[in-house]
There are 2 protein chains.
Amino acid sequence: MDTSSRNNLGEVIRQQRVMTSLTLQELSAKAGVSASHLGRIERGERFPSARILRRIAQPLGFEENELFTLAGYLSAHPLSVGEESPPYRGRRVDPYVATVLSREPVSVQRAVVGILTILKSIAEISAKE
Amino acid sequence: MDTSSRNNLGEVIRQQRVMTSLTLQELSAKAGVSASHLGRIERGERFPSARILRRIAQPLGFEENELFTLAGYLSAHPLSVGEESPPYRGRRVDPYVATVLSREPVSVQRAVVGILTILKSIAEISAKE
DNA sequence: ATTATAATTCGCCAACTGGCAAATGTCAAT
DNA sequence: ATTGACATTTGCCAGTTGGCGAATTATAAT
C-alpha cells in the first residue's frame, strides 16, 4: 500500500468533516457517496477516485484543487500565473476557518483576530517568566 | 457507460499524442504507463485514474489542471486573472483578517474560530435570560 | 439499566482499472 | 510475396473501488 502522501488524506478528511460538524451520513447525502465508503476512506482503507474526491470537496469546504493536491492527485501547484497561495504549507487560511469566518460580518472577523493578537501577547509574556 | 464529458477524452489524448509525434510505446515509456492501457484509454475503452492521468499530462504537454478538467475530474475553472477565488458564498473573509490569519498555522486558525464559536454560544445563552 | 435511535463499521460482491504477454496490424526493404 | 522491425490491439486476470444491507457501536431519553 502506498504510504506516501495519500497516507493522511483520510485523517484530514475526517478532521474536516468533524470540524464542519457533519456525520458520515450527512456528508454522504450531500456528496452523493455512500457513508460506508466515506468511512473507509477516512480511516484509510480505501482511496477515493477523482470522481468521489470531487464530490466531497465542496460539502467539506475544500477547493477541488486543494483536495486533489492534498490527495496527491495533482502536484503541489506551480498554480496560475498570477500566483496567490503557496499551496498547503500552512501559510494560508484553512477552508473551514474561512467558511466559518465568512458567515460573520467584517467587524466580528476583525474582533476575532484582535483576540488572537491579545492571546499571542499573553503567551509571549508568560513564556518569558 | 458515461457518455458525457469523459467521452472525447480519449480522442483528445490521441490527437495530442499524434500531434506530438509520439507512439504509444514512447508515451508509455515517458509516462510509465503500459502502452496497452494507453491504447484502450485513447479509444475510450478505459477511463484513466487520476494517477494515470497525472503521469501522461506532462509528456503530452498538458497542464495537469487542464487535463483533469478535460477529463471532467475537475470542474471547469472560471479561473481568474487578478481575482482571488470566490469559493465561499455569502460574505467573504476580509483581506486584512485573511492576511493576519494566514501567518498562523492551521491549528491556531482553528483554535481562533473555536473561540468565536464559544463566544457566540455564550452570547446566545445570555441573550435568552 | 433499558430501550430507542442514530452513526459507524463490516461482509459481500459487481464493476472497473491497469499490467503482461500473445496476437494482430503496418510498412519498408529486399 | 516474404521477412523483419515496430506499433497497436486483444485476452486474460489480479488488485481496487464503491454500493448495499447487516451487524455493531455510540448516544440519548426515559
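In chain B of this predicted model, B:Glu64 and B:Arg54 are joined through their side chains by a salt bridge with an N to O distance of 4.0 Å. B:Glu64 belongs to helix H5 (residues 64-70) and B:Arg54 to helix H4 (residues 50-57), so this pair ties together parts of chain B that are ten residues apart in sequence. Over all chains, the whole structure holds eight salt bridges.

**Chain A: the contact between H1 and H3**
- A salt bridge links the side chains of A:Arg17 and A:Glu42, with 2.6 Å from N to O.
- Because A:Arg17 lies in helix H1 (residues 9-19) and A:Glu42 in helix H3 (residues 35-42), the pair ties together parts of chain A that are 25 residues apart in sequence.
- Both A:Arg17 and A:Glu42 are buried.

**Chain A: the pair A:Arg43 and A:Glu45**
- A:Arg43 and A:Glu45 also form a salt bridge, in which the closest N and O atoms are 2.9 Å apart.
- A:Arg43 is partly exposed, at a relative accessible area of 47%.
- A:Glu45 is likewise partly exposed, at 38% relative accessibility.

**Network of shared partners**
- Returning to the structure beyond the B:Glu64 and B:Arg54 pair, one network made of salt bridges with shared partners joins A:Arg14, A:Arg17 and A:Glu42.

Key: Residues numbered from 1 in each chain as written. Chains lettered and ligands numbered in written order. Predicted model: local features only at pLDDT ≥ 70, side-chain atom pairs only at ≥ 80, totals over all residues. Heavy atoms only, no water. Helix = DSSP H or I, 4+ residues; strand = E, 2+ residues; numbered from the N terminus. Buried < 20%, exposed > 50% of the residue type's maximum accessible area, 1.4 Å probe, protein only.
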